[in-house]
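Hi everyone, thanks for coming. I'd like to walk you through a structure today, so please have a look at it with me for a moment.

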Amino acid sequence: MASKKKRFNPYKLANKALLYIIITSVAFTILLPVFFLVSLSFLTTRDSYKFPLPLLPSLTSDYKLEYGERGYLLSIFDKAEEDYATVMDTEDLEKMSIYMEARLGTPTTIEEIEEQIARLETRNIVYFTKKIDLLHNFKAFFLITNDAFPALVRSLQICVLTILISLSIGGMAGYAFARYSFAGRDALKFSVLFVRMFPGIAIALPMVVILIRIGFYDNPIGLALVYSIGSIALTVWITASIFMGIPVTLEEAAQVFGATKMQTFIRITFPLALPGLAAAAMYAFLGAWNETVAAIVLTQFNPTFSVVVYQSLVGAVGQVNLAAAGGIVMAVPTVIFTFIIRRYINQMWGGMSV
């Protein structure tokens, strides 16, 4: 018997095409800013202020050197204009070397410039090519912002402290909500979310006075305490749901065989709750790592890394390519941390790849 021919359904095809268009648009909207941030972090200072912004950084720069009115006239090839653009006219070779490295991203020694000048004596114009240092913005970010590396270490310390405080207090509270019945349990569980209803800056301002009185102002432990306020509430809800999903009979069976409550928790309950604890740790880490507004208020001489990146954009330096490089550096620890705990998150979502 001949198989029936499938009828063409234009509505089904239109729905599928619309779905693909929506998915592509959402992916494009999410990935486009990330693409420009990464690209901007590798652009030279001169290229980062061009319009339109180059999509990809150049690997080399073509230069033209000739005699000028003040000394030596240096020009760089502009790919958009397809012509050489004059960048400086000076006889100060040290100034030229610094400019080529700082603004044009091509580290050049005075000796290398003198070699090109020696060639210039036998001809009117000298053309030469230099490789662009793609990591120049990252190096310059840590050199110009003197507190960048200490701030990076300080932010990691704050994140670790925030995770420890959130998981210890929030985890114990979540276990209590899941295992014990008492009057007002549901109301108390809901009330822990009240603190997340207020903006971070609203909590930070009164916390300045409290931290100054207890001696924790402008200190990693003080910031960790403030960040933990919101993280504990979320940890309570995550861990309570996880502990409720672990059968009480497993704990009772372990105690029947002679295990104490602490041994039961460490050997039975805790391993089964690791996915939820990992998810809570991830939220606590991201919240503490990315917080900027509260950190500006709660720090003065010991800023966090997010504050340093913010100041590199709006401060005296004010170079968007350096701020972009700092943003990429800031993203690296979050990617590494997520990569480390991904297998626990994977277990929480039933084996789905993360």
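Let me start with a question: is Val 126 buried or exposed? Val 126 is buried, with a relative accessible area of 0%. Before I go on, please keep in mind that this is a predicted model. You can find Val 126 in strand E4, which covers residues 125-131.

Now, on to the salt bridges. How many does a search of the whole structure find? The count is eight, and I'll take you through some of them.

One of these pairs is Arg 46 with Asp 78, where the closest N and O atoms are 3.9 Å apart. Arg 46 sits in helix H2, residues 45-48, and Asp 78 in strand E2, residues 72-78, so this pair ties together parts that are 32 residues apart in sequence. Is Asp 78 buried or exposed? Asp 78 has a relative accessible area of 10%, and because the cut-off for buried is under 20%, Asp 78 counts as buried.

Next, please find Glu 251 and Arg 179. Their side chains meet in a salt bridge, at 3.3 Å from N to O. Here Glu 251 belongs to helix H10, residues 248-256, and Arg 179 to helix H6, residues 148-179, so the pair ties together parts that are 72 residues apart in sequence. Glu 251 is buried, and Arg 179 is buried as well. Going back to Arg 46 and Asp 78, there is a network to point out: salt bridges with shared partners join Arg 46, Asp 47, Lys 50 and Asp 78.

While we have Glu 251 on the screen, look across to Lys 261. These two are ten residues apart in sequence, and the distance from C-alpha to C-alpha is 8.0 Å. Lys 261 is in helix H11, residues 261-290, and with a relative accessible area of 62% it is exposed.

One more salt bridge for you: Lys 139 pairs with Asp 133, and the closest N and O atoms there are 3.1 Å apart. Lys 139 is partly exposed, at a relative accessible area of 45%.

Let's turn to helix packing. The crossing of H6 and H9 is right-handed. As for what lines this contact, its residues divide into 20 nonpolar, ten polar and two charged.

Staying with helices, have a look at H14, residues 320-348, where you will find Arg 342. Arg 342 is partly exposed, with 34% relative accessibility. Between Arg 342 and Ala 279 there are 63 residues of separation in sequence, and 9.2 Å in space from C-alpha to C-alpha.

Next, the surface. Which residues form a nonpolar patch there? They are Leu 18, Ile 22, Val 26, Ile 30 and Leu 31, with about 480 Å² of accessible area together. Leu 31 is found in helix H1, residues 10-42, and it is exposed, with a relative accessible area of 54%.

Phe 51 and Pro 52 are joined by a cis peptide bond, with omega at about 0 degrees. If you want to find it, Pro 52 is in the loop between H2 and strand E1, 60-67.

Then there are two residues with positive phi to show you. Glu 82 has a phi of about 55 degrees, a positive value, although it is not a glycine. Glu 82 lies in the loop between E2 and strand E3, 83-90. Asp 218 is another non-glycine residue with a positive phi, in this case near 60 degrees. Asp 218 is placed in the loop between helix H8, 200-214, and H9.

So which is buried and which is exposed? Glu 82 counts as exposed, at 64% relative accessibility, whereas Asp 218 is buried, with a relative accessible area of 11%.

Methods. Residues are numbered from 1 along each chain as its sequence is written. This is a predicted model: local features need pLDDT of at least 70, side-chain atom pairs count only at pLDDT 80 or more; totals for chains, interfaces and linings use all residues. Side-chain values use heavy atoms; hydrogens and water are left out. A salt bridge is a side-chain nitrogen of Lys or Arg within 4 Å of a carboxyl oxygen of Asp or Glu. Helices (H or I, at least four residues) and strands (E, at least two) are DSSP runs, numbered from the N terminus. Buried means under 20% relative accessible area, exposed over 50%, partly exposed in between (1.4 Å probe, protein chains only). Patches are made of residues with over 30% relative accessible area and no salt bridge: like charges are joined within 9 Å, nonpolar side chains (Val, Leu, Ile, Met, Phe, Trp, Tyr) within 5 Å. Accessible areas come from the Shrake-Rupley method with a 1.4 Å probe; for residues, only the protein chains shown count as cover. A crossing is left-handed if the near helix is turned anticlockwise from the far one by less than a right angle, and right-handed if clockwise. Ala, Val, Leu, Ile, Met, Phe, Trp, Tyr, Cys and Pro count as nonpolar, Asp, Glu, Lys and Arg as charged, and the others, Gly among them, as polar.
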